[in-house]
Amino acid sequence: MTSSGTATTGNTIGGRLVLRGVTVVDTRSGGLTPNQWVVLAGGRIEAIVPEGTAIEGVAQTVDATGKFVVPGFCDMHTHVLQEEHSPVDSCTLMLAYGITGIRHLAGSTALLRARAAGTLGMGEHAPELLSLCGELLLPMNAPTPEAGVAEVMRQKAEGADFIKTIFVSPKVFFATAAEAKRQGLDYDGHLSPGVDVIAASKAGMTVIEHLGPTELQLIAASTRGWLINLILKLKPPKPPDLSPEAMKKAGRIMIANPILGRLNADAEALTKTQRLIDSYSDAKVRAMAAVFVANGTWQCPTLIRNATMRLCDDPTYTESPDLRYIDKPTRAFWASVAKMFAAKVPPGSRDTLKQLGALELTLTKTFDECGVKMMAGSDFGGGWVIPGVSLHQEFDLLEQAGLTPLRILQMTTLDCAEFLKRAATMGTVEPGKAANLVILDGNPVASAGNLHRIAGLVREGRYYSATDLAGLKEQVAGRIAVEDPEAHDAADQAIA
Ligand SMILES: [Zn+2]
């Protein structure tokens with residue numbers, strides 16, 4: 001594409017940016033309107049007019065003849081903001097991969113304050129932070145229903161957009177879900193052991209992340225679910241009696257790979273998974289899906305996150321060339337987790353993990369067929385999940401699951417806008433919507449693979465050519481390559 005007018009990238013406030021000759025993709029219907037001029041001004045789509053219309057005050061023109069324009073992608077499950085280090089590289093990378101909006105699934109008082117003060121420090125080239133939760137609900141901050149309710153109220157006062165639950169007792173789960181509802185906050189996250197997914201949906205759980213986790217959601221899909229639930233309840237994983245330092249390490253391992261965490265707590269964990277797989281009932285999944293549809297319960301499958309857990313020592317991930325975007329201490333930690341995983345997974349369980357992967361695709365496809373609301377998320381923060389890159393891997397996995405290219409496009413655009421109640425400004429390429437756009441080399445409704453072929457991007461009215469985006473990726477890789485080697489050696493020793 002060629003661009004004329006002012007500099008290739010530049011803020012066009014005060015002047016209009018025109019994308020010329022582009023095909024506008026309707027994310028609702030998949031309809032295509034070719035040869036359009038998309039006029040952007042003041043960070044919004046001002047007008048979409050037929051080619052050749054007279055437009056005044058044009059500061060920059062981009063020749064997008066033969067290209068396709070869609071809304072900017074949203075990654076609806078990420079952990080890019082962490083207090084410990086700057087999110088600039090991760091945010092830059094996400095933008096370079098077409099992501100103009102993110103939903104953040106781990107919050108804190110510090111992050112909520114930083115957002116309010118405008119000091120999150122996401123950098124100049126970053127997606128918009130669309131939604132941020134408070135502190136994750138865990139036995140530490142929500143040991144009892146009363147404490148959990150107080151925590152929800154505290155997070156509401158702090159300005160959290162939603163509550164994220166991770167691992168709490170069933171009593172705390174339902175008490176905090178009810179309080180979130182009273183406070184007008186979404187209640188999202190993970191099912192807890194002993195919490196039935198149907199009951200969670202009825203209690204108003206808004207989004208189920210990672211398909212459950214899968215095993216906990218599969219209990220309700222099992223013809224022997226009651227029995228399996230009983231077994232899980234009778235034999236809860238023993239809380240490890242560890243020093244604070246060892247506890248911290250176990251926590252990091254759990255985040256990097258929850259399957260390894262489960263195996264560390266219960267050597268029989270994957271045998272239980274196999275029982276769930278063997279008793280999977282399509283009819284029960286469809287009945288479950290009907291409950292989700294009736295209650296408006298969403299799913300954010302994060303198939304890539306689940307795949308990197310199951311295939312933690314697979315060269316697809318351990319030797320990915322995109323690891324050049326990940327700093328050396330993190331890479332080394334993930335490699336050490338992969339080693340532990342290889343040693344811990346019983347050889348007979350590899351097939352269980354393979355079957356689980358296939359079942360996750362089936363589950364996702366069935367939910368889609370039944371009309372369950374879903375959105376695309378990647379879960380950067382987990383082992384081998386690379387910012388930006390991972391959302392594209394998610395698109396591929398959704399395609400493997402059998403979703404149509406249009407549904408995949410919707411899950412990263414239109415559906416995100418609906419979920420966030422921001423359909424007035426997001427989700428379609430129409431006048432009045434925010435000027436966050438991805439320009440593609442191929443038709444994304446014909447093939448989801450065309451979502452990877454980014455020819456240009458507009459973020460808040462600012463244009464980035466494919467060359468600019470490639471330059472941003474190189475900047476990130478370059479910064480990571482020259483990071484202080486001594487810090488890395490220290491980090492390596494800490495991991496060992
Ligand atoms: Zn997450």
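Student: In which hand of crossing, left-handed or right-handed, does H11 pass H15?

Tutor: Happy to take you through it, and please keep in mind that this is a predicted model. The crossing in which H11 passes H15 is right-handed. The residues that make this contact are Asp 282, Val 285, Arg 286 and Ala 289 on the H11 side, and Leu 363, Thr 366 and Phe 367 on the H15 side. Sorted by class, the contact of H11 with H15 comes to 4 nonpolar, 1 polar and 2 charged residues.

Now for the geometry. H11 covers residues 282–295 and H15 covers residues 350–369; the two helices pack with their axes 9 Å apart, at an angle of about 50 degrees.

The chain holds 20 helices and 16 strands. Its radius of gyration is 23 Å, close to the 23 Å that the globule rule gives for 496 residues, so the chain is as compact as a globular protein of that length. The C-alpha trace spans about 75 × 55 × 45 Å along its principal axes, and 47% of the 496 residues count as buried. As for contacts between residues at least 6 apart in sequence, 76% of them join residues at least 24 apart.

Methods:
Residues numbered from 1 in each chain as written. Predicted model: local features only at pLDDT ≥ 70, side-chain atom pairs only at ≥ 80, totals over all residues. Axes fitted to C-alpha atoms, helices over the stretch in contact; angles between N-to-C directions. Helix = DSSP H or I, 4+ residues; strand = E, 2+ residues; numbered from the N terminus. Left-handed = near helix turned anticlockwise from the far one by under 90°. Contact = placed C-beta atoms within 7 Å. Nonpolar A, V, L, I, M, F, W, Y, C, P; charged D, E, K, R; others polar. Rg over C-alpha atoms; globule rule 2.2 N^0.38 Å. Buried ≥ 20, exposed ≤ 12 C-beta atoms within 10 Å, placed from the backbone.
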